Amino acid sequence: MTLNLGFEFKNGWKCIEEKEKEDLEQLNKRYIEFLNNGKTERECVKEIIKAAEENGFVHIDQFLSKKKKLVQGSKIYVNYKEKSAVLMVMGSEPLEKGMNIVGSHIDSPRLDLKQYPLYEDGNMALLKTHYYGGIKKYQWTAIPLALHGIVIKNSGEKIEINIGKDKDDPVFYISDLLPHLSKNQNEKKLAEAITGEGLNIIIGSIPFNDKDIKDPIKYNVLKILKEKYNIEEKDFLTAEIEAVPAIDAREVGLDRSIIGSYGQDDRVCAYTSLEAILQVKNPTNTAVALFVDKEEVGSMGNTGMQSRFFENIIAELIALKDEKLTDIKIRRSFGNSKVLSADVSCAFDPNYPDVVDKRNVAYLGKGVLVCKYTGARGKSGSNDASAEFIHEISKLFDENEIVWQVGELGKVDQGGGGTIAYILANCGAEVIDCGVPLLSMHAPVELASKMDIYMAYKAYKAFLKA
């Protein structure tokens, strides 16, 4: 008798029961709505807090002021500077015993307007930009763009900008060179064909009818901004405006099995972990869903994971139970914690098979991806999870009938990337990357399998409840 000693990862569509397919479709329907409403980190925070409040989560200040008592099952949210958020469900064990944390990021590659962006040239008005995160610059030309963000007036009034989302709104474009005249451009390397300084957004072309006005097209744009949005040129100096694709999330394929959308890195993991923590009631260890900013630029800044904002939140909550708070208790809390660094990775693309190891790459539809290490080349900058923690997670997933797979980000010498995993691991926590594989990562439209999205939700829910 021959023993079955081999192993292969399964296609999730062959494993899931019919009764679960409706749950899968409904989850993805809500996810599409989240993507369309959350094109920036600020908009994502709004959507997250709205969902939290609808599900009984209470602002942390209610507990810090002792208007509410902190007990097992207490639901807490933190809106940190409108760019990061934390949702927590308190466990029966003290925070010193550790937390179960799912950490995702809600920033995505984009084009930010420069502080003094508006100018006139070539009978057009344009906006200067500075790209944010790792993009292929040529992908951002000749596609419809929307402007999202905030403007803060001298009076302190905060004006929200959202132009290009609604069907009746205008959209914006960055021009590309016509093929008839692109001989020299075609001879350049792909990364050099479009320059960062060349990513200038066309915003208008009609001149103001006054021959004495310098730059009449620019003036006409400013006149429209003043009349419609109460924005003057000086307001750009303190504004925070992002150009993002003016493209709604859509189902892809005749079988509608894939979602195509901007910003799925990493809002796919953010949304599924949001759905997961909304289902947690009375955990043993405190359950935490982190939604952080700045991951695409190294997690720096006061809303990034390298800041101490989350550590300070935990310190405040420990202090509620123990007025003689010492630093060692905070350290123990992090050192005893377990973390799923909820971030995406690449999926196998049959159009580009040579950049990956086919045996060690994720595939669309084979479930949530567990990634032992990220980093670049010789695992540089990676967390590299332990065998013991990988076993614990794989056992948990198997027991909860979660379809999962393993993979890494490309061939060893090809390149690489990072997540927030190493930051929490540096605090002593057990951490592993666990997320959804994508095609066309960092492109204006990324692709994710509905099956993998659903399994990520199931994985995060099982982990937070464990």
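Predicted model: local features only at pLDDT ≥ 70, side-chain atom pairs only at ≥ 80, totals over all residues.

Me: Let's start with α2 and α7, then: at what angle do they pack, and how far apart are their axes?

Reply: Helix α2, which covers residues 18-37, packs against helix α7, residues 264-277, at an angle of about 125°, and their axes are 10 Å apart.

Me: Which hand does the crossing of α2 and α7 have?

Reply: The crossing of α2 and α7 is right-handed.

Me: And which residues meet there?

Reply: From α2 the residues are L27, R30, Y31, F34 and L35, and they meet Q264, R267, V268, Y271 and E275 in α7. Sorted by class, the residues of this contact of α2 with α7 comprise six nonpolar, one polar and three charged.

Me: What about α8 and α9, how do those two pack?

Reply: Helix α8 (residues 309-321) and helix α9 (residues 327-335) pack at about 115°, with an axis separation of 10 Å, and α8 passes α9 in a right-handed crossing. On the α8 side the contact is made by F310, E311, I314, A315 and I318, while α9 contributes K329, I330, S333 and F334. By class, this contact of α8 with α9 has six nonpolar residues, one polar residue and two charged residues.

Me: Changing topic, how many salt bridges are there?

Reply: With a side-chain nitrogen of Lys or Arg required to lie within 4 Å of a carboxyl oxygen of Asp or Glu, the count comes to 30 salt bridges.

Me: Take R110, what is its partner?

Reply: R110 forms a salt bridge with E242, and the closest N and O atoms of the two are 3.4 Å apart. The pair links distant parts of the chain, since R110 belongs to strand β5 (residues 110-121) and E242 to strand β10 (residues 240-245), 132 residues apart.

Me: Is R110 buried or exposed, and is E242 buried or exposed?

Reply: R110 has a relative accessibility of 5% and so counts as buried, and E242, at 4%, counts as buried as well.

Me: Which residue does K114 pair with?

Reply: K114 forms a salt bridge with E197, with the closest N and O atoms 3.0 Å apart. This pair also links distant parts of the chain, with K114 in strand β5 and E197 in the loop between α5 (183-186) and β9 (201-204), 83 residues apart. K114 is partly exposed at a relative accessible area of 27%, and E197 is partly exposed at 47%.

Me: What else does E197 form a salt bridge with?

Reply: E197 forms a salt bridge with K128, where the closest N and O atoms are 3.2 Å apart. Because E197 lies in the loop between α5 and β9 and K128 in strand β6 (residues 124-132), the pair ties together parts that are 69 residues apart in sequence. K128 is buried, with a relative accessible area of 19%.

Me: Which residues are linked in a network of salt bridges?

Reply: R42, E82, K83, K158 and E240 are linked in such a network.

Me: Last one, where is I247, and what does I247 touch?

Reply: I247 sits in the loop between β10 and β11 (250-252) and is partly exposed, with a relative accessible area of 27%. Leaving aside residues up to four places away in sequence, I247 touches K39, P144 and V445. The C-alpha atoms of I247 and K39 are separated by 10.0 Å, although the two residues are 208 residues apart along the chain.

How values were computed
Residues numbered from 1 in each chain as written. Heavy atoms only, no water. Axes fitted to C-alpha atoms, helices over the stretch in contact; angles between N-to-C directions. Helix = DSSP H or I, 4+ residues; strand = E, 2+ residues; numbered from the N terminus. Left-handed = near helix turned anticlockwise from the far one by under 90°. Contact = heavy atoms within 4.5 Å. Nonpolar A, V, L, I, M, F, W, Y, C, P; charged D, E, K, R; others polar. Buried < 20%, exposed > 50% of the residue type's maximum accessible area, 1.4 Å probe, protein only.
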